[in-house]
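Please go through this model with me, element by element, in questions and answers. Where a term has a cut-off, I would like that cut-off stated once.

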Amino acid sequence: MSITVRLWSDEELQSLKHDKWLATVFMNVSTFSGKEIEFYPYEQRRVYKCEWVDEPELVTIYATDERMLKRFIDEEYTRRPDFIHQQITQYRPIDPLS
């Protein structure tokens with residue numbers, strides 16, 4: 001068994017801030033080098049849960065926006081999911097003294 005790991009060039013890593021497509025592809029990689037993780041575009045990341053009714057589990061896809069999500073699905077999957085939900089996490093302060 002062989003495993004291929006793609007290393008991102010310095011130019012590609014720098015362009016993650018401006019290239020929404022490249023950032024979407026990058027966020028869906030499963031393994032990062034120490035250098036690559038420093039460039040992870042957390043501030044651009046949106047989390048989408050995709051469901052195909054004939055598949056038992058939800059698929060999580062990270063994208064910069066809905067347009068890039070649909071492009072990623074069209075390029076990486078044979079068909080679009082039956083349902084897509086954006087996962088939004090919200091934090092709010094709680095007064096610990098009351």
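Helices (H or I, at least four residues) and strands (E, at least two) are DSSP runs, numbered from the N terminus. This is a predicted model, in which local features need pLDDT of at least 70 and side-chain atom pairs count only at pLDDT 80 or more, while totals for chains, interfaces and linings use all residues. Residues are numbered from 1 along each chain as its sequence is written, and side-chain values use heavy atoms, with hydrogens and water left out.

Q: In which helix does Lys-70 lie, and what is its relative accessible area?
A: Lys-70 belongs to helix H4. Buried means under 20% relative accessible area, exposed over 50% and partly exposed in between (1.4 Å probe, protein chains only). Lys-70 is therefore partly exposed, its relative accessible area being 37%.

Q: What distance separates the C-alpha atoms of Lys-70 and Arg-80?
A: Along the chain, Lys-70 and Arg-80 are ten residues apart. In the model, their C-alpha atoms are separated by 7.9 Å.

Q: What is the order of the strands in the open sheet?
A: Two strands pair if DSSP finds at least two bridges between them. Strand E1 (residues 46-51) pairs with strand E2 (residues 59-63) in the antiparallel sense over five bridges, and five bridges also join E1 to strand E3 (residues 83-87), again antiparallel. The open sheet of three strands therefore has, by the pairing rule, the order E2-E1-E3.

Q: Which residue of E2 is the bridge partner of Arg-46, and which residue of E3 stands opposite Val-47?
A: On the E2 side, Cys-50 stands opposite Val-59, and the bridge partner of Arg-46 is Ala-63. On the E3 side, the residue opposite Val-47 is Gln-87.

Q: Why does Gln-44 count as buried, and which backbone oxygen does its side chain reach?
A: Gln-44 is placed in the loop between helix H3 (34-37) and E1, and it counts as buried because its relative accessibility is 14%. Contact means heavy atoms within 4.5 Å, and Gln-44, not counting residues up to four places away in sequence, touches Leu-16, Lys-17, Ala-23, Ala-63 and Thr-64. A polar contact is a pair of N or O atoms within 3.5 Å, where within protein one must be able to donate a hydrogen and the other to accept it, and residues adjacent in sequence count only if both atoms are side-chain atoms. At 3.0 Å, the side chain of Gln-44 reaches the backbone oxygen of Leu-16.

Q: How many of the eight residues of H2 are buried, and which residues are they?
A: At the start of H2, a side-chain oxygen of Asp-19 comes to within 3.1 Å of the backbone nitrogen of Trp-21. The cover over the buried residues of H2 includes helix H1 (10-15), H3, E2 and H4. Six of the eight residues are buried, so H2 is largely enclosed by the rest of the structure; the buried residues are Trp-21, Leu-22, Ala-23, Thr-24, Phe-26 and Met-27.

Q: At roughly what angle do the axes of H2 and H4 cross?
A: Axes are lines fitted to C-alpha atoms, for helices over the stretch in contact, and angles run from 0 to 180 degrees between N-to-C directions. The axes of helix H2 (residues 20-27) and helix H4 (residues 66-76) come within 10 Å, and the contact is made by Lys-20, Trp-21, Thr-24 and Val-25 of H2 with Met-68, Arg-71, Phe-72 and Glu-75 of H4. The axes cross at roughly 60°.
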